[in-house]
Amino acid sequence: MAKKKLYQTAEEIIAGYCLTTGKVHRKVYLIGRPLKTGNVSLVRYHSNGSGKFRVRERETTGVILCKETDYSIKLENEEKLRLQQVVCDTINADLEREEADFKPLPKMKVSLSEYARELGERSLKKTGNRHSTYSSMNSLAQHVELFRPHSQLGDIDKKWCLLFIDYLKRKALNLNYQRSKDPNKRKEVVIGQNSQNRLIATLNNALNTAVRESLITHNPVNDLDSKEKVPAKKGTREFLSQKEINMLINTPFTHGRYDIKPSFLFSCYTGLRWSDLKAITKNDIHSDENGRYIDIIMIKTKQHLKVYVPQVALNLLPHTVGNVPLFRLPKNDYANGQLALWIKDAGIEKKITYHVSSHNKIFY
């Protein structure tokens, strides 16, 4: 029997395993994206409708197919593809059942990843917040699918939990670095200790909910010793002094067209979070006998916020009209990268992010 061909470039992997965007007759399918390393990132697409009404949603799987320098790597690639195809088949079958108006499967037969997504959807429907439980549950679902995509609630025991923790420590990749369509921006970066800790906490939350809903009788995470879990990494939060704020005010920003400098300083003076900073408009600023103030419903907590804005912060605002965001801002990771360059230009040797600015409010 002739040996199977080894695919030694990203292009060969994509073509050889049919991971292209050609004619697809399924609702859920896999596409390969080349990485700078010559490896291929697997992306799962969900497709609904047809013709001009066709809608596609993209989801990063976190799975990397490696260049096949020997047959052991080829076997690993084939197994990764097989497992991801199982996930696609399951989701595809569920979508077709819904389209045919069949009843959903009983929850005990639903995989852990599907249950986590359901909990995320419940939270989103209740709070409208995509950055808390919704995001955490979807991240857990993706990593469970990478670890053991066929896992059901009834399969989860202490051994499963220990093996999942080992996967998080050794193999789990940061999915945020694989979302870009630009292969030059996609990286293979393992998740950090705090991300591991949050995923275990999210798993614990999901299983506790399953116990309350009588889907399982016991949460096996409770059987783990504290030494078997991943502790949160203790760190020292950096803050900026008034002197350092003045240094930033006097340092020009020369790293792109976005409003990094005025938005960061405005956050320092008002305490606004990144999510609120991106959304705030001129219509959110009002006046009374005490001065000008921001009046908004915070995106993260859905709570009302009214905070007076000092004149020095008002002077930072660009000219905008109506319901247009005050600041032109990129995605958070990119903004923090540009912020770090400006902080360095000012001669400040601290690790500063936008998260720091919301805890660094200057009171006048």
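Start by selecting glutamate 145 and arginine 117: the two form a salt bridge, with the closest N and O atoms 2.7 Å apart. A salt bridge here is a side-chain nitrogen of Lys or Arg within 4 Å of a carboxyl oxygen of Asp or Glu. The pair links distant parts of the chain, with glutamate 145 in helix α4 and arginine 117 in helix α3 (residues 112–127), 28 residues apart. Helices (H or I, at least four residues) and strands (E, at least two) are DSSP runs, numbered from the N terminus.

Before moving on, note that this is a predicted model, where local features need pLDDT of at least 70, side-chain atom pairs count only at pLDDT 80 or more, and totals for chains, interfaces and linings use all residues. Residues are numbered from 1 along each chain as its sequence is written, and side-chain values use heavy atoms, with hydrogens and water left out.

**Salt bridges**

Stay on the pair. Is glutamate 145 buried or exposed? Glutamate 145 is buried, at 4% relative accessible area. Arginine 117 also counts as buried, at 17% relative accessibility. Buried means under 20% relative accessible area, exposed over 50%, and partly exposed in between (1.4 Å probe, protein chains only).

Now select glutamate 228 and lysine 158. Their salt bridge has its closest N and O atoms 3.9 Å apart. Glutamate 228 lies in the loop between α6 (193–212) and α7 (242–249), and lysine 158 in helix α5, so the pair ties together parts 70 residues apart in sequence. Glutamate 228 is partly exposed, with a relative accessible area of 27%. Lysine 158 is partly exposed at 34%.

Next, pick lysine 350 and glutamate 244. Their side chains meet in a salt bridge (3.0 Å, N to O). Lysine 350 sits in the loop between α11 (332–345) and α12 (354–358) and glutamate 244 in helix α7, so this pair ties together parts 106 residues apart in sequence. Lysine 350 is partly exposed, at 27% relative accessible area. Glutamate 244 is buried, at 14%.

Then select Arg44, Glu59, Arg117 and Glu145 together: salt bridges that share partners join them into one network. The structure holds 14 salt bridges.

**The second largest pocket**

Which residues lie closest to the centre of this pocket? First, its space: about 520 Å³. On a 1 Å grid over the protein atoms alone, a pocket is an open set of points where a 1.4 Å probe fits, with protein on both sides within 12 Å along at least five of seven lines; lining residues have an atom within 4 Å of a point. Of the 18 lining residues, the closest to the centre are Val63, Lys80, Leu146, Tyr167 and Lys171.

Colour β3 (55–65), α2 (71–99), α4 (133–147) and α5 (158–170): each supplies at least two lining residues. α2 gives the most, with five.

**The open sheet**

Finish at an open sheet of three strands, ordered β4-β5-β6, with antiparallel pairing. Two strands pair if DSSP finds at least two bridges between them. β4 (285–288) and β6 (304–308) stand at the edges, each with a single partner strand, so one side of each has no neighbour in the sheet.

Select β5 (residues 291–297) with β6. Five bridges join these antiparallel strands. Last stop: tyrosine 293, which stands opposite tyrosine 308 in β6.

Definitions and conventions:
Points joined across faces, edges and corners; volume = space filled by probe spheres on them.
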